[in-house]
Structures are given as structure tokens and as C-alpha cells.
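Biologist: Can you put the model up on the screen? I'd like to go through it piece by piece.

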Amino acid sequence: MPSYYDVDDILMEEEPISVVFQVTANGVGLLDPGAERNSVEKGAKVDLPFWLAHGMLSLEQAVSINVPPCFTQKTRKEIQADAACVDLRIRCPYFYELGCKIVPLVSDKSIGQFLRYAFTSRYKEILSKSHSSSTMTVPKFATRLTKEEAQVFESARESMAAFKRWRVGGVRLQKASILGRKRKTKLPDGSSTT
């Protein structure tokens, strides 16, 4: 669910999406840079931010949304060949989040399976690199990660660093303070022991 204050969600909603107008829309000529009048004709292809395209789709089916270029067959084949080498950040910094939001809006329902395949195949590489990389340097690999993958990468690096600190650290088990105190117990005859 989107968060009103989440900057990443706001930026993801700004991703340009190609739409085709299903009706003539008057007063919105600014949306189409090639429009000569203040209207967009039926069948016109226009790039709109995702939030606007989604809003116009829910508003009496005014537009149909095309599959974004980051989910084309070319990208799918590249990811199937070697998922770790594909630079998804260039294609769409919010690749997975946009994909999840676009699946119910487009006719291509295989995007969901593709997203799962892409994430699971890249996830192994992300964890492997995060556990073996130094905490002081950012590997070249990290520049190819989407925002979501970068968060996973950083979390894994922080987790590994915390584990290493714990492992090298000193005493791991500490005696509870209550165990160090001596208690006085009363015997049945009324005398006490220390």
C-alpha cells in the first residue's frame, strides 16, 4: 500500500508510462507535446506519469496503458540469460514496485511471473556479494541494482557486519546479576544461612 509520505513511492509514481487515449479529451492538450489544439485526439499515444495514467484509466477507461519498455521481451531474454549482469536501474529505478502496480492495468499478465523470476535469480547474487564485500567500499555491482535491491543489499551488508562484530567480540554470555547475590534462607528451626 502506498504511503503518503514515502519519497520512494512518490518517485516511482512519476515514472513515465505510454498510454493510448480511448476517447478525445478536451482541455488537456498540454499532455501531448504534438497536439496543435488544447485537446488530445482518440488514438493518440502520450507518455504520462504513472499516477496520472492510473487515474485516467480508472476515470471511465479514458486511456489504455501500454507495457513499459522495461518489461519488454528483450529485457526478459537478457534477464533469463544472466540476471546478475543486467542493469535494471537504468531501465527503471523502481522496477519491482512499478511492475507490481502495472500488472493489473495491462493485458500482459506474465509480468508478475517475470518479476518473481528476476528477483529470485538476482537475490542470490545480491546476498553473495553483500556478504563478501567490504563495508567501506561500494562494489561496482551495486550500481546496477534497483532501489528495492539496493535496500536488500545494504540490509544484508549491515547484518553481516553486525554478525562479524558479534563473532569477534568479547564475552558473549554474561552472568545474570541476580545469580551473583547470596540469598539468606531460613531453616525450619528458625535459624538462617548465608
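Biologist: Which residue is the bridge partner of V20 in β5?
Modeller: In β5, V20 is partnered by S64. Before we go on, this is a predicted model, in which local features need pLDDT of at least 70 and side-chain atom pairs count only at pLDDT 80 or more, while totals for chains, interfaces and linings use all residues. Residues are numbered from 1 along each chain as its sequence is written, and side-chain values use heavy atoms, with hydrogens and water left out.

Biologist: In which sense do β1 and β5 pair?
Modeller: Antiparallel, over three bridges, with β1 covering residues 16–21. Two strands pair if DSSP finds at least two bridges between them. Strands (E, at least two residues) and helices (H or I, at least four) are DSSP runs, numbered from the N terminus.

Biologist: In what order do the strands of that open sheet come?
Modeller: The order is β4-β1-β5, three strands with antiparallel pairing. The edge strands, β4 (45–49) and β5 (63–65), each pair on one side only.

Biologist: Switching to charges, how many salt bridges does the structure hold?
Modeller: Six. A salt bridge here is a side-chain nitrogen of Lys or Arg within 4 Å of a carboxyl oxygen of Asp or Glu. One of them joins the side chains of K101 and D9, at 3.0 Å from N to O. K101 lies in helix α5 (residues 95–102) and D9 in helix α1 (residues 7–13), so this pair ties together parts that are 92 residues apart in sequence.

Biologist: Is D9 buried or exposed?
Modeller: D9 is buried, with a relative accessible area of 6%. Buried means under 20% relative accessible area, exposed means over 50%, and partly exposed is in between, using a 1.4 Å probe and protein chains only.

Biologist: What does R122 form a salt bridge with?
Modeller: With E149, and the closest N and O atoms are 2.6 Å apart. R122 lies in helix α6 and E149 in helix α7 (residues 147–168), so the pair ties together parts that are 27 residues apart in sequence. Both R122 and E149 are buried.

Biologist: Where is D108 found?
Modeller: D108 is in the loop between α5 and α6. At 21% relative accessible area, D108 is partly exposed.

Biologist: And which residues is D108 in contact with, leaving aside neighbours within four places in sequence?
Modeller: V67 and R76, where contact means heavy atoms within 4.5 Å. R76 also forms a salt bridge with D108, with the closest N and O atoms 2.9 Å apart. The two are 32 residues apart, with R76 in helix α3 (residues 73–82). R76 is buried, at 7% relative accessible area.

Biologist: What else does the side chain of D108 make a polar contact with?
Modeller: The side chain of S110, at 2.6 Å. A polar contact is a pair of N or O atoms within 3.5 Å; within protein, one must be able to donate a hydrogen and the other to accept it, and residues adjacent in sequence count only if both atoms are side-chain atoms.
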